[in-house]
Amino acid sequence: MDRGTIGVLPRPTKLADESYLEFVTSFRKMAIQQGFPTLAAKGEEVLAAAVEAGEVEAVEGEPIPLDEIKRVFSKIPLTPTWQRFVRSQQEMMWRGTRESFMRDADSVMARMAAAEEAHPERISYDKEFVPPVYTRCEIHCQPGGYTDDPLGGLVYHYGTKIFYEGLNDQDELHIELAAKATKPESGKVERILDVGCSIGQGTTALKDIYPDAEIHGLDVGLPLIRYAHMRAVEADKDVFFKQALAEDSGYEDGQFDMVVAYILFHEVPVKKMKEIIAELYRILRPGGTFSIYEFPSNDKGQVPASARFMIDYDSKNNCEPYSPGFIASDFKGILEETGFTVEQGPGLTNDFLQSLVATKPA
C-alpha cells in the first residue's frame, strides 16, 4: 500500500520494511563511517612501514602500484570483514527496497503515465532506443541498473536514501550542489543542463534557484527520467527531461549557459568520458560554465593509497567497472585538451569529491 511520504521521500509499503531498511542504513553507516576510516588508518600505517622496510617496490614521485597496496591491505585482519559488510549491506539495501515498493508497482507506473499525459512536452524519449551495453551495468548492484527495471527510478530514490546514510532524505546534497554551481561571468543564465540527472533531484533544485531559466535533465536511463518527470510534475516544477546518451545529446551548438554533472564520469569508460566532454563543450555557449562534482582522479598521484584500495574493491564488488580507469586518468588534462579552462570549484560537504569548474572560452 501507498504509505505516503516524509517530505519528498516515499515511504516503504510496510512499516516492517521501513524499520528493516533503517537497520540497513545503520549497518551501512557502521561500515562506511567507522569501518573504513579504521581500515584506512591501519592500512596506511602498515603500507608506510612496508615501504620503509623495502618490502614494497615504490618509485619516488610515483604512486605505489595498486597490486602492492592490495597485497599489504589484504594482510590486515579487518579487511575481509569490512569487504563482506560493504557487499552485504548493498545487497540488503536493494533487495529490501525493491521488494517493498514492488507491492505498489501498478500505482507508481500509473502515476508516471499520468504525468506524461498531463505534460508530454516536458519529457522526451524514443521507444525504439536501445541503451548501449556499457550503460547497462548494474551500478552499485542495483537490480536492472539504471536502464532495465521499469520501477528503477523509485527503487533508486529510496535505495540512495540508504546509500547516503540518511543525509539526502530531502535532496539536501543535490540542493547544495545546485546552489554551488558556478554562473558564467556574464551573469546570463537562460538554459541549464543537468547531465546524468538520474531521478532529477539536482534538476528540480536548479529550477528553484533559477526559476526564470529553462532547466533540462538528461540521462540514459528511461526508468529514471520517467520517475524524475513524475516527481517534477507532481511538485509543479516545469523542467524538461530527455533520454539520450551524454555523448550524443541531440542538443544544438551553444544551447546552454551552464552544465552541471554530479558523479557521472567515473561510471563511464574513459573513451566515452572523452566523447561526453567534447559533446558538452559543443552544446555550451562561449563563456558558459561546466560545474563538475566527481570522484578524485589520480592525475598527479595525490589519491591516498587507502582510497585507491577502496575504489578498486568497489569497482569489482559493487559494480563500478569504470571507476579505476577514471581514477587513473588525467581528468583535468582531458578537459583542458578539449578546450576548457579549468579551475578549482567550491568546497563541498562531501570532501571526498573533487569540485571543478570548466569554462568554455568566450
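1. Buried means under 20% relative accessible area, exposed over 50%, and partly exposed in between, with a 1.4 Å probe and protein chains only. By that scale Arg111, at 30% relative accessibility, counts as partly exposed. The model is predicted: local features need pLDDT of at least 70 and side-chain atom pairs pLDDT 80 or more, whereas totals for chains, interfaces and linings use all residues. Residues are numbered from 1 along each chain as its sequence is written, and side-chain values use heavy atoms, with hydrogens and water left out.

2. Salt bridges. The structure holds 28 salt bridges, each being a side-chain nitrogen of Lys or Arg within 4 Å of a carboxyl oxygen of Asp or Glu. One network of them links Glu247, Lys271, Lys272 and Glu275.

3. Arg111 and Glu234. These two form a salt bridge with the closest N and O atoms 2.7 Å apart. Arg111 belongs to helix 4 (residues 105-118) and Glu234 to helix 8 (residues 222-234), so the pair ties together parts 123 residues apart in sequence. Helices (H or I, at least four residues) and strands (E, at least two) are DSSP runs, numbered from the N terminus. Glu234 is partly exposed, at a relative accessible area of 46%.

4. Arg282 and Asp253. Their side chains meet in a salt bridge of 2.5 Å, N to O. Arg282 lies in helix 9 (residues 270-283) and Asp253 in the loop between strand 6 (240-243) and strand 7 (256-262), 29 residues apart. Arg282 is partly exposed, with a relative accessible area of 27%, while Asp253 at 58% counts as exposed.

5. Glu165 and Arg28. A salt bridge (3.7 Å, N to O) joins these side chains. Glu165 lies in the loop between helix 5 (152-163) and helix 6 (172-180) and Arg28 in helix 1, so the pair ties together parts that are 137 residues apart in sequence. Glu165 is buried at 9% relative accessible area, and Arg28 is buried at 7%.

6. Largest pocket. About 930 Å³ of space lies in it. On a 1 Å grid over the protein atoms alone, a pocket is an open set of points with protein on both sides within 12 Å along at least five of seven lines, a cavity is a set where a 1.4 Å probe fits but cannot get out, and lining residues have an atom within 4 Å of a point. Points are joined across faces, edges and corners, and a volume is the space filled by probe spheres set on them. Of the 33 lining residues of the largest pocket, Arg28, Ile32, Glu165, Asn350 and Phe352 lie nearest its centre. Helix 1 gives the most to this lining, with six residues.

7. Cavities. There are three cavities of 30 Å³ or more. The largest cavity has a volume of about 550 Å³. It is lined by 37 residues, the closest to its centre being Tyr146, Gly196, Asp219, Leu264 and Glu267.

8. Arg308. This residue is found in helix 10 (residues 305-317). Arg308 is buried yet has no salt bridge, and the nearest side chain of opposite charge, Asp67, is 8.5 Å away. Here Lys and Arg count as positive and Asp and Glu as negative; His and the chain ends are not counted. A polar atom of the Arg308 side chain does lie 2.6 Å from the backbone oxygen of Ile64.

How values were computed:
Polar contact = N/O pair within 3.5 Å; in protein donor to acceptor, adjacent residues only side chain to side chain.
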